[in-house]
Amino acid sequence: MVVGEVSTSTDVLVIGAGPGGYAAALRAAALGREVTLVEREAVGGTCLNVGCIPSKVLIHAAELAHLPTRSTTSGVTLSASVDLARLQDHLREVVTGLTSGVDRLLAGAGVTVVTGTARFARANRAVVSDGDGVQHIEFDQAIVATGSRPVELPVLPFEGKRVVDSTGALFAFDRVPERLVVVGGGYIGVELGTAWAKLGSAVTIVEAESTLLPGLDARLARVATRSLTALGVEVRTATRALGPGPDGGLRLTDPDGSPDDEVTVPADAVVVCVGRRPNTDDLGLDVVGVTVDERGLIPVDAHRRAGPRVLAIGDVTDGPALAHKATAEAEVAARTAAGLPARFDPAAIPAVVFGDPELATVGLTRAQAEADGIEVTGFVFPLGASSRARTLAVDGTPPLGHVELVADADGTVIGAHLAGPNVSELVGEMALAIEMAATVEELAATIHPHPTMSEGLLEAANGALGLPLHVAGSRRS
Ligand code: FAD
């Protein structure tokens, strides 16, 4: 629906059509509610349009481009060339395929989709404007799912071509940048840095903290640093970007900003991914009795309720800014809005870094568990002992990576931290194990198919029981 001078009403108003908002709209409609979904840009939100999906297409294409440099010992000789314009078209085609699927689902569910920017005007009313007109929508319940946007560094404002955000790193370059600096060594920086290094850029990743991927299990972060270095990426931790330098370079220094430590690195392009900020500033939240915290996040209770008629989900709320967290919260918010009992109370939320190798994590790290006073047991199974990992190693070297299980004194699984090929596909099993309070004994008694990466979970469980099979001795972590 296009915005005009109209006034409508709805049971549930959802603002933002990302993986939080569109899922909430679909679920609320399935529960029999009349639903209006407002989106100011494109259905699918950050994730489908400029985040999860195009970045994974780029990462996959970059892996194909890089394969020839690694495949020779397998007896296969490949060659690759990169047509960046075609690759970017491919990104757009995959995105469109998925977003048009979401459009069809919404239409099929009877959700009214309104294009425009929504803002609360009264306790039960929002105003939607699209530049040409305004529409007033009265609602019984509203779900805020407006997501987040990239943080801009004052010293490195985005200008669209040379200094870009993650969206620019996917779509804005005319050619593969010869020298690319990624500012921010979180998961987005590591993923994009890996992809562009494989596409041919000389990549430097700059991270202000003392390690890449701050907050992730330290063993996983070490794997990332080692593998990036092996790929030729320069990793500069404990380093801060100061701004543009001479000859198009980027000035860097240590976190204290000491002028003696200042250096300039060459850069044809700079990708800044230093975090994201919730889109909560222009929503008129005060009108509906909602106050944001100092980070701009909307506080919610376990039912996702933020105010008398307002619920909130996804990146605008606390917790990891991840699509599957937004979608899981959407299920709860839709049920709450429909007057049904629901709580968001997961035992753990998995996370994946789609680098090379992939890193996947769920639950507590050993360090976190110990800091919580939990008596920890566990095991680290190295992938060099995994038959499947070896069959996948096209360059003949034992694969870098491991499967670590963390369990409490009773053997209940409380964490899993994985590095290796396709481990993104394994972490769901470990999320299930943690949700069901499975023990390492139960995991070890579960037959896993051979030869698969999933056997690493079995091997780590055996190890945690003190009975490792394919590694000598006991290597409890
Ligand atoms: P969003 O997806 O941000 O959607 C919010 C929507 O609200 C937007 O479409 C916006 O236009 C709209 N909106 C905002 N304000 C208004 C308003 N006032 N009126 C109307 N509409 C409004 N997560 C993963 O889980 N896995 C990944 O692999 C992954 N990769 C990523 C890669 C990149 C490069 C980036 C940037 C992010 C990635 N993420 C990933 C994170 C993921 O995209 C977000 O966590 C997820 O999109 C959040 O969903 P959301 O529904 O909360 O918000």
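Predicted model: local features only at pLDDT ≥ 70, side-chain atom pairs only at ≥ 80, totals over all residues.
Let's begin at the ligand. Of the 40 residues around it, G20, E39, T46, K56 and A323 come nearest. By type, the shell around the ligand holds 18 nonpolar residues, 16 polar ones and six charged ones. Several elements of secondary structure contribute: β2 (35-39), α2 (45-50), α3 (52-66), β4 (117-122), α6 (187-199) and α8 (323-337) each provide at least two residues of that shell. Helix α2 gives the most, with four residues.

A backbone N or O atom of R40 lies 3.2 Å from a nitrogen atom of the ligand. On its own the ligand has 1000 Å² of accessible area, and the protein covers 96% of that.

Now turn to the sheet. Strands of a sheet pair through backbone hydrogen bonds, either parallel or antiparallel. Here three strands form an open sheet in the order β12-β13-β14, and the pairing is antiparallel. Strands β12 (240-244) and β14 (263-265) are the edges, each pairing on one side only. On average, neighbouring strands of this sheet are turned by 35 degrees against each other, direction ignored.

For a closer look, follow β13 (residues 250-253), which is joined to the antiparallel β14 by three bridges. To find your bearings there, look for R251, which stands opposite T264 in β14.

Note on methods. Residues numbered from 1 in each chain as written. Heavy atoms only, no water. Pairing = 2+ DSSP bridges. Axes fitted to C-alpha atoms, helices over the stretch in contact; angles between N-to-C directions. Near = heavy atom within 4 Å. Polar contact = N/O pair within 3.5 Å; in protein donor to acceptor, adjacent residues only side chain to side chain. Areas by Shrake-Rupley, 256 points an atom, 1.4 Å probe, with all protein chains shown as cover. Nonpolar A, V, L, I, M, F, W, Y, C, P; charged D, E, K, R; others polar.
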